[in-house]
Amino acid sequence: MSESDILIQLIGAFGIAASIAAFQFKKHGTILVFRTLNEALFAVQYFLLGAFTGAAASLIGIARNLIFKNRVATGKTTTLFIAIFSALFVLFGILTWEGPKSILIIVAKVLSTVSYGNKNTSVIRVIGLVTTTSWLVYNWFVFSIAGVLCEAFTLTSLLVGIVRLDLLPRWKKDKNEV
């Protein structure tokens with residue numbers, strides 16, 4: 001591996017940390033701050049790898065996350081923005097078409113747009129299982145080692161978050177009601 005290859009993968013390594021941290025928070029805004037940092041780092045990495053569908057989707061994702069963070073925090077609807085950003089992800093997926101692997105990104109970004117537009121963090125984590133799996137496969141195809149590792153760690157983080165933040169409190173509540 002050349003020095004530039006190592007640098008490219010290192011950028012993704014910082015994205016890994018942001019992604020893992022994101023799903024361990026209870027607040028919608030905090031999840032989106034860390035997901036935005038993840039998107040920014042991976043946008044740079046994908047661009048350097050020549051993976052332009054991933055780069056474009058990540059750049060659009062930054063804007064989406066910031067808008068959704070503010071709208072949800074102020075109690076405003078995200079419905080119109082869900083439609084706008086979903087259309088942008090489809091459009092840029094087509095414009096940067098890299099073959100069938102681009103479909104993985106289009107589907108992942110539309111689904112994550114629906115989930116991030118939702119205040120319910122449990123929904124974000126559950127839909128994250130599908131979107132993260134799509135990104136894992138895409139990263140494999142574009143040889144983003146950091147991306148593959150990121151999605152593997154993110155899947156683990158999602159599962160831990162689902163158990164710790166969604167299921168355990170429910171189980172404890174059910175147990176106390178018996």
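**Note on selected residues and contacts**

1. Ser144 is buried, with a relative accessible area of 1%. This serine lies in the loop between α6 and α7. The model under review is a predicted one, and every distance below should be read with that in mind.

2. The side chain of Ser144 has two polar partners to note here. One is the side chain of Gln45, with which Ser144 makes a polar contact at 2.8 Å. The other is the backbone nitrogen of Gly147, which lies 2.8 Å from a polar atom of the Ser144 side chain. Leaving aside residues up to four places away in sequence, Ser144 touches Gln9, Phe42, Gln45, Tyr46, Leu49 and Asn139.

3. Ile145 lies in helix α7. Is this residue buried or partly exposed? Its relative accessible area is 33%, so Ile145 counts as partly exposed. Ile145 also belongs to a nonpolar surface patch of about 610 Å², together with Met1, Ile6, Phe143, Leu149 and Phe153. Helix α7, which spans residues 145-177, contributes the largest share of that patch, namely 3 residues.

4. In soluble globular proteins, nonpolar side chains tend to be buried together. Here the largest nonpolar core has 25 residues, and those with the most contacts inside it are Phe23, Tyr46, Phe68, Tyr116, Trp135 and Tyr138. At least two residues of this core are supplied by each of α1 (3-22), α2 (28-49), α3 (52-73), α4 (79-95), α5 (101-116), α6 (121-141) and α7.

5. With residues up to four places away in sequence not counted, Tyr116 touches Phe23, His28, Leu32, Arg35, Arg64, Asn65, Phe68, Val72 and Ile124. One of these, Phe68, is likewise listed among the core residues with the most contacts, while Arg64 takes part in a salt bridge with Glu39.

6. How many salt bridges does the structure hold? There are 3. In one of them, the side chains of Arg64 and Glu39 meet at 3.1 Å, N to O. Arg64 lies in helix α3 and Glu39 in helix α2, so this pair ties together parts that are 25 residues apart in sequence. Both Arg64 and Glu39 are buried.

7. Glu39 also meets Lys109 in a salt bridge through their side chains, at 2.6 Å, N to O. Because Glu39 lies in helix α2 and Lys109 in helix α5, the pair ties together parts that are 70 residues apart in sequence. Lys109 is buried, as is Glu39.

8. A further salt bridge joins the side chains of Arg125 and Asp166, at 2.8 Å, N to O. Since Arg125 lies in helix α6 and Asp166 in helix α7, the pair ties together parts that are 41 residues apart in sequence. Both of these residues, Arg125 and Asp166, are buried. Through shared partners, salt bridges join Glu39, Arg64 and Lys109 into one network.

9. Finally, Asn118 lies in the loop between α5 and α6. Its relative accessibility is 28%, so Asn118 counts as partly exposed. The side chain of Asn118 reaches the backbone nitrogen of Asn120 at 2.6 Å. Beyond residues up to four places away in sequence, Asn118 touches His28, Val123 and Ile124. Asn118 and Asp5 are 113 residues apart in sequence, and their C-alpha atoms are 37 Å apart in space.

Note on methods:
Residues are numbered from 1 along each chain as its sequence is written. This is a predicted model: local features need pLDDT of at least 70, side-chain atom pairs count only at pLDDT 80 or more; totals for chains, interfaces and linings use all residues. Side-chain values use heavy atoms; hydrogens and water are left out. Patches are made of residues with over 30% relative accessible area and no salt bridge: like charges are joined within 9 Å, nonpolar side chains (Val, Leu, Ile, Met, Phe, Trp, Tyr) within 5 Å. Accessible areas come from the Shrake-Rupley method with a 1.4 Å probe; for residues, only the protein chains shown count as cover. A salt bridge is a side-chain nitrogen of Lys or Arg within 4 Å of a carboxyl oxygen of Asp or Glu. Helices (H or I, at least four residues) and strands (E, at least two) are DSSP runs, numbered from the N terminus. Buried means under 20% relative accessible area, exposed over 50%, partly exposed in between (1.4 Å probe, protein chains only). A nonpolar core is a set of buried Ala, Val, Leu, Ile, Met, Phe, Trp, Tyr and Cys residues joined through side-chain atoms within 4.5 Å. Contact means heavy atoms within 4.5 Å. A polar contact is a pair of N or O atoms within 3.5 Å; within protein, one must be able to donate a hydrogen and the other to accept it, and residues adjacent in sequence count only if both atoms are side-chain atoms.
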